[in-house]
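User: I am new to this structure. Please take a close look at one part of it for me.

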Amino acid sequence: MARAAVLGRLSWQVAQIAAVRPETDTARTLVLDVPDWPGHRAGQHVDVRLTAEDGYTAQRSYSIASAPGGPPALTVQRVDGGEVSPYLVDIAAPGDRFEVRGPVGGYFTWQPGDHAPVLLVAGGSGVVPLMSMVRARAAAGSRVPFRLLYSTRTPATVIYADELRRRSRDDHGLDIAYAYTRVAPPEHPRPPGRLDAVLLAEWGWPTEFAPNCYVCGPTGFVETVANLLVDAGHDPARVRTERFGG
Amino acid sequence: MTFLDGNELAAPLREIFTVDLTVASGQCANCGRRCTLAEVRLYARAPGLVARCTGCEAVLLRLVRSPDRVWLDLSGLSYLEIARPPD
Amino acid sequence: MGVVSRGFAGRGRSDPKLPPGQYLTKDFPVLSAGPTPRVDTDRWAFAITAETGQEHSWNWAQLHQLPSETVTVDLHCVTKWSKLGTVWEGVSLDTLMAGVESAADHALVHSYGGYTTNLPLEDLLDGQAWLAYRYDGTDLEPEHGGPVRLLVPHLYLWKSAKWVRGIQLLLDDHPGFWESLGYHNYGDPWREQRYWGD
């Protein structure tokens with residue numbers, strides 16, 4: 001598929017919050033109205049810039065949670081002591097405006113034309129861009145086999161919990177497994193613990209399937225998981241990572 | 001304080017270039033290691049952006065942004081290889 | 001100025017007492033251009049090298065034998081945050097430079113990890129600069145430049161090189177890491193000298 005190599009000059013645009021949707025106690029989705037939104041690919045992100053009355057500005061990057069083809073939605077996790085996330089999660093309301101720059105990022109993306117099996121490994125809020133891929137797959141009616149391994153602290157910290165349950169049931173070819181690091185639900189097969197080589201081998205794809213792996217989350221999590229995947233024999237060129245810092 | 005990766009370079013570089021450079025490959029001028037720009041070690045909490053080689057930590061790229069100018073130092077990269085559609 | 005977001009205040013507070021364009025912060029942001037160097041105090045050394053090549057050096061013990069001062073200074077980072085009333089303990093550059101013979105006008109500061117910054121030699125003297133090893137009553141942490149950093153509070157904080165390991169005295173000016181890529185060669189926050197041409 002030919003794609004224009006030359007894109008427009010990227011600049012800041014005004015985004016208005018069209019709707020908000022709570023996800024967990026600490027995370028919320030903001031559906032944005034961006035008048036000149038050019039469309040995006042699953043996995044891309046935007047920069048968000050807030051300006052205060054006195055001119056003070058703060059800027060952060062957020063992954064797009066929504067599938068391509070619709071308005072961009074961001075899912076923001078409140079960071080303790082953070083500057084931008086507490087505003088976006090606790091204060092911002094429909095009608096409020098800020099600036100966005102994007103979508104950007106052509107590396108950490110998945111498109112329905114990619115036919116290899118996909119392994120998505122999420123650490124905490126790293127699930128956001130991966131959810132965009134899950135939603136893109138469903139929207140396109142794709143049959144590409146997807147496995148999502150979602151590492152999170154407790155059942156209460158699972159973002160998109162209801163939707164993931166529904167998709168697990170309804171999206172054929174999508175398998176989802178959870179690794180709870182602090183508290184697991186009573187019926188969960190494993191006690192709480194970090195994602196490790198054994199879990200990845202058990203719940204991921206065999207290396208012979210040559211899956212495309214996407215790992216997203218805090219830097220430490222991504223470093224660990226990416227190394228485990230490569231150590232297990234996955235081709236490093238097929239392990240794509242996005243670090244969220246912290 | 002840790003590092004991020006070159007995905008964070010996507011927006012600042014797209015302000016200057018009309019192609020997405022994070023999918024380009026580069027070679028470290030210090031140790032010769034090749035990598036995709038999205039995979040570099042990126043230090044973003046600084047007066048500018050500093051991308052370092054994941055092999056030898058040498059500076060690959062630096063970017064400083066003022067209200068009206070951008071300075072870009074690519075001297076840590078021997079080259080960038082950028083895909084383009086066939087004619 | 002970009003569109004104002006209702007209800008967003010951010011961490012910074014503007015204050016007429018601050019240099020232009022700065023915002024007051026209560027925390028102490030950590031900025032770095034690379035990995036945090038880990039330098040054991042038993043292998044730490046600092047050297048002043050004159051333009052003649054003559055070197056004066058101190059190890060950890062020797063640095064602590066020198067008279068130290070406790071100073072309270074304001075910090076102004078070019079990324080717009082200012083932190084007032086910070087308390088540091090260290091050795092004045094006047095003390096370190098006392099035995100150094102030099103006709104040089106310029107200084108290039110070197111840090112463990114490769115960072116550099118330049119400034120006029122006269123800006124390191126007359127009670128304007130210290131090698132600081134304690135902050136806020138405790139040993140200086142690596143993330144803030146420990147075991148020893150340079151402190152030159154009358155200039156933007158990028159000149160206060162963390163993890164300092166030496167100062168070269170030069171006859172010609174040599175721009176450092178940020179000065180060579182757009183940041184102002186001198187960097188006076190009160191004249192808002194952030195970038196080239198300011």
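How many residues does the contact take from chain B and from chain C?

Analyst: This is a predicted model, where local features need pLDDT of at least 70, side-chain atom pairs count only at pLDDT 80 or more, and totals for chains, interfaces and linings use all residues. Residues are numbered from 1 along each chain as its sequence is written, while chains are lettered from A and ligands numbered from 1 in the order in which they are written.

Chain B gives 15 residues to the contact, and chain C gives 17 residues. Two residues are in contact if their C-beta atoms, placed from the backbone, lie within 7 Å. On the side of chain B that touches chain C, the elements giving two or more residues are β5 (49–52), β6 (59–65) and β7 (70–73) of chain B. Strands are DSSP runs of E, at least two residues, and helices are runs of H or I, at least four, numbered from the N terminus. By class, this side of chain B holds seven nonpolar, two polar and six charged residues. Nonpolar means Ala, Val, Leu, Ile, Met, Phe, Trp, Tyr, Cys and Pro; charged means Asp, Glu, Lys and Arg; the others, Gly among them, are polar.

Chain B also meets chain A. Here 19 residues of chain B are in contact with 22 residues of chain A. β6 (97–104), α5 (219–231) and β11 (239–243) of chain A each supply at least two residues of the side of chain A that touches chain B. That side of chain A divides into eight nonpolar, eight polar and six charged residues. As a whole, chain A has five helices and eleven strands. Its C-alpha trace spans about 55 × 45 × 30 Å along the principal axes.
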